[in-house]
Amino acid sequence: MDSEQKILSEETVNFAKSVNVFDLAKALGLPLSKTGRSYFTNCFVHSEKTPSLSIEPGKNRFHCFGQCTDTGGTGAISFMMYYRWGKFDESLFPKAVEEVCYYMGYTVNYADGSDRKSDRPTRPLFVQSQREDSPLAEIQLVAAVYRSLIDKLSLKKEHLDHLLHERKMTTDVIRLRQYRSYPDKPYLFARDISDEFTTLEGVPGFYESVKKDSSGVYWNMSGTNGILIPVRNEYGVVQGFQLRVESPMLHPVIEAIGEHPLKAEISDGYVLTVHYKKRLIYSGKVTGNDQIPIQIAGETVGKVRIKKRNKYIWLSSNEKRKGSKIVPTYHVAYPPEAMPDGSTIDCSVVDITEGPLKGDIMSEFTGRPAVCFPGLSQWMLAFEGAMKLQPKKVILAIDGDAIRTVVNKDKEDERVEAGEVIRSFIRAFSAEGVSIDLALWDIASSAKGIDDLYLAGLRPQYFSIIDFS
Ligand SMILES: [Zn+2]
């Protein structure tokens, strides 16, 4: 190395900054063993026999969980400082950049035009998996991709059984509604579908995954095991999918005592990690409804409650490379005889309910179209969808548990009051001159949702709220 430090070119500095810690560790020949999303190797700052230096490629960071107090950071340049000099020191920056380039097999360029070549093999660069998605694709592309997806997927036996026995649907209706199972190997389907289209960029549910060796990317599908329920517009065109998941995702809710900045995260579905000021203070497996007390040096500083997310989620790929967030929309459920486009059905009376599967079941019993909103806070979507059908009357069939939420409001977080939603519907539809009935039923009669009511052979009672006829 030169005794006098030459000024590095901007290009070389930017290159070294772009190198992932994981790639540099591989270039240095460090033995790496994989644990979850991290890799572990022997710490080179303190001497040890059990690897405690963790490297997280996805976050481009490293941290010693062993005896070191400050070994850790982000990016290849600081990693190199610890590797060569055992410390982080700003003044070592140019030398660390040269070393990173050398090990990665890249030429160092200096501001004066001179350079220094590396005699090591040039290593491929990590493709950074980005948390940034793309804009939503054209609706024609989205619809065509979803048609292709429906063609290719099938319905697993366990899901067929659920629809047959618990939802009491017939095989004909199940076929007509085109329910599908989320596949075990989603990337195979994503690959086949990507062969048919120029790109899947911006189609909710699809995204690019980075290969394990970081050498490239491939198309993938987000989601988890469950039933895919097509969400259709008034023409029967599939606009998206709701996924009824087998095991709802877990998420942590922190209840800190006093001023303790705790950060909790669940990875791989069930591994909870809790950090306090960037220090890992808890790691373990959890299940839904667990309550984990968190201690620092024997003192309880709070707890983490593990909650289950919704059973129904959208097929979406936000915050994923070339993925896109679904724009929530209404679902129009026609009775089977009026499928797929509803052109043969009388739309003068339309039911309004929450959830597409519920709407599908309901319309089969009523013989009327049902327009569904995805969640109470998105009631206006059902208003928008229902108005497309130009009804004379709508029937509000909002679930029993939603109504009950008003009573139990303190216990529930972030649930919109059903009463307020009903008032909003009444204001919106009456302004359009549409008559309104309210469907009510006895929730104690084993029928929480209106679908349960129909499946139990019961019917709701209708109460007229506003009559324009
Ligand atoms: Zn260490």
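A residue is called buried when its relative accessible area is under 20%, exposed when over 50%, and partly exposed in between, using a 1.4 Å probe and protein chains only. Keep that in mind for C64 and C68, which are both buried. Before going on, note that this is a predicted model, where local features need pLDDT of at least 70, side-chain atom pairs count only at pLDDT 80 or more, and totals for chains, interfaces and linings use all residues. Residues are numbered from 1 along each chain as its sequence is written, and side-chain values use heavy atoms, with hydrogens and water left out.

Now to the metal. The zinc ion has C43 (SG), H46 (ND1), C64 (SG) and C68 (SG) as its protein donors, 2.1 to 2.3 Å away. Donors here are N, O and S atoms within 2.8 Å of the metal (3.2 Å for Na, K and Ca), and water is not among the atoms, so sites may look incomplete. Along the sequence, the donor residues follow the spacing C-x2-H-x17-C-x3-C. The angles among the 4 donor atoms run from 104 to 113°, and the zinc site is tetrahedral (four donors count as such if all angles lie between 85 and 135 degrees). For four tetrahedral donors, the ideal angle is 109.5 degrees.

Next, look at some charged pairs. Side chains of opposite charge can pair when their charged atoms come close. A salt bridge here is a side-chain nitrogen of Lys or Arg within 4 Å of a carboxyl oxygen of Asp or Glu, and by this rule the count is 19. One of them joins E56 to R61, with the closest N and O atoms 2.8 Å apart. E56 is buried because its relative accessible area is 17%, while R61, at 32%, counts as partly exposed.

Finally, head to helix α9, residues 356-366. Helices (H or I, at least four residues) and strands (E, at least two) are DSSP runs, numbered from the N terminus. In α9, 9 of the 11 residues are buried, so the helix is largely enclosed by the rest of the structure. Among these buried residues are P356, L357 and T366. Just after α9 comes G367, with a positive phi of about 75°. Close by in this tour is R368, whose side chain meets that of D351 in a salt bridge (2.8 Å, N to O). R368 sits in the loop between α9 and β22 (370-373) and D351 in strand β21 (residues 349-354), so the pair ties together parts 17 residues apart in sequence. Both R368 and D351 are buried.

Definitions and conventions
Tetrahedral: all angles 85-135°; square planar, octahedral: opposite > 155°, others 65-115°.
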